[in-house]
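Here's a quick briefing to read alongside the model. Have the sequence and the structure open, and follow along.

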Amino acid sequence: MKLRKLALGILAIGVWFGSTSASGQGKAIDGNKSRLKIRVFKSGAFAAFAHDHEIEAPIAEGTIDSSDHASVQLHVDSRKMRVLDPEISADARAEIQHTMQSAKVLDVEKFPDISYQSTSVTGRGEGHWEVQGNLTLHGKKQPVRVKVLLESGHYRGSTSIKQGEFGIEPIRIAGGTVKVKDEVKIEFDIVPAQ
């Protein structure tokens, strides 16, 4: 009798796990091990006197499903994004941080959530995919295509977007002689939770 109950329990667990993966729910993204960085580049006549910016964007939550119904979804809390720029002073970094979070750029109080939801995933060989999806940033949704590589349990890749497509006007100072480029690069290293 005990052996029968144990067998039924194991069968029930197996059915539950099988239905969870078959339904395409995917695995949670490990926010502590995953990284998302944004690189913002300088331009303008006096760009030599400015510097590029590196911004860390912690992933608040997300899922990856690598089954037949492959998909990815992730969310970033824009209020937790941090300017890294180690080559500048703490005061300059704080000023850049303030500008980035202000209504001039991200407007984090009005638009705290940045999200990406895949719409299609196409295999491009063993461990390679092209992911098409929608990025919602600054209250605007735009299609974004990403190339992804699976390497040692990490989903890695990068893409570029234009700030203007999301209603963000790139910052200009000194009459536009120093400004940031409209195009920014997003790099990611995503690890599923174990």
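**Strand pairing around β5**

I59 stands opposite V76 in β5. That facing pair belongs to a stretch where strand β4 (residues 59–65) and β5 pair in the antiparallel sense over 6 bridges; two strands count as paired if DSSP finds at least two bridges between them. Keep in mind that this is a predicted model, where local features need pLDDT of at least 70, side-chain atom pairs count only at pLDDT 80 or more, and totals for chains, interfaces and linings use all residues. Residues are numbered from 1 along each chain as its sequence is written, and side-chain values use heavy atoms, with hydrogens and water left out.

**More on β5**
- β4 and β5 make a hairpin, with 5 residues between them.
- β5 also pairs with strand β7 (residues 113–123), again in the antiparallel sense, over 5 bridges.
- Why is strand β5 (residues 71–77) largely enclosed by the rest of the structure? Because 5 of its 7 residues are buried, where buried means under 20% relative accessible area, exposed means over 50%, and partly exposed is in between (1.4 Å probe, protein chains only).

**The chain as a whole**
- The protein chain has 2 helices and 12 strands; helices (H or I, at least four residues) and strands (E, at least two) are DSSP runs, numbered from the N terminus.
- Along the sequence, the pattern goes α-β-β-β-β-β-β-α-β-β-β-β-β-β.
- Of the 194 residues in the protein chain, 34% are buried.
- The protein chain exposes about 11,900 Å², and carbon and sulfur atoms supply 55% of that (Shrake-Rupley method with a 1.4 Å probe; for residues, only the protein chains shown count as cover).
- Take the contacts (heavy atoms within 4.5 Å) with a separation of 6 or more: residues 24 or more positions apart account for 55% of them.

**Nonpolar core**
- The largest nonpolar core has 34 residues, and I38 and M81 touch the most other members; such a core is a set of buried Ala, Val, Leu, Ile, Met, Phe, Trp, Tyr and Cys residues joined through side-chain atoms within 4.5 Å.
- β2, β4, β5, β7, β8 (128–137), β9 (140–151), β10 and β12 (178–190) each supply at least two residues of this core, and β12 gives the most, with 5 residues.
- Not counting residues up to four places away in sequence, I38 touches H53, E54, I55, A57, M81, V184, K185 and I186.

**Salt bridges**
- The count comes to 8 salt bridges, each being a side-chain nitrogen of Lys or Arg within 4 Å of a carboxyl oxygen of Asp or Glu.
- K37 bridges to E54, with the closest N and O atoms 3.2 Å apart. This pair links distant parts of the chain, 17 residues apart: K37 is in strand β2 (residues 35–43) and E54 in strand β3 (residues 53–56).
- K37, R39, E54, K185 and E187 are linked in a network of salt bridges.
- D77 and R79 also meet in a salt bridge (2.9 Å, N to O). D77 counts as buried at 15% relative accessibility, while R79 is partly exposed at 39%.
- R124 pairs with E130, the closest N and O atoms being 3.5 Å apart.

**Q163**
- Q163 is found in the loop between β10 (154–162) and β11 (172–173).
- With a relative accessible area of 11%, Q163 is buried.
- Leaving aside neighbours within four places in sequence, Q163 is in contact with I168, P170, V180, K181, D182 and V184.
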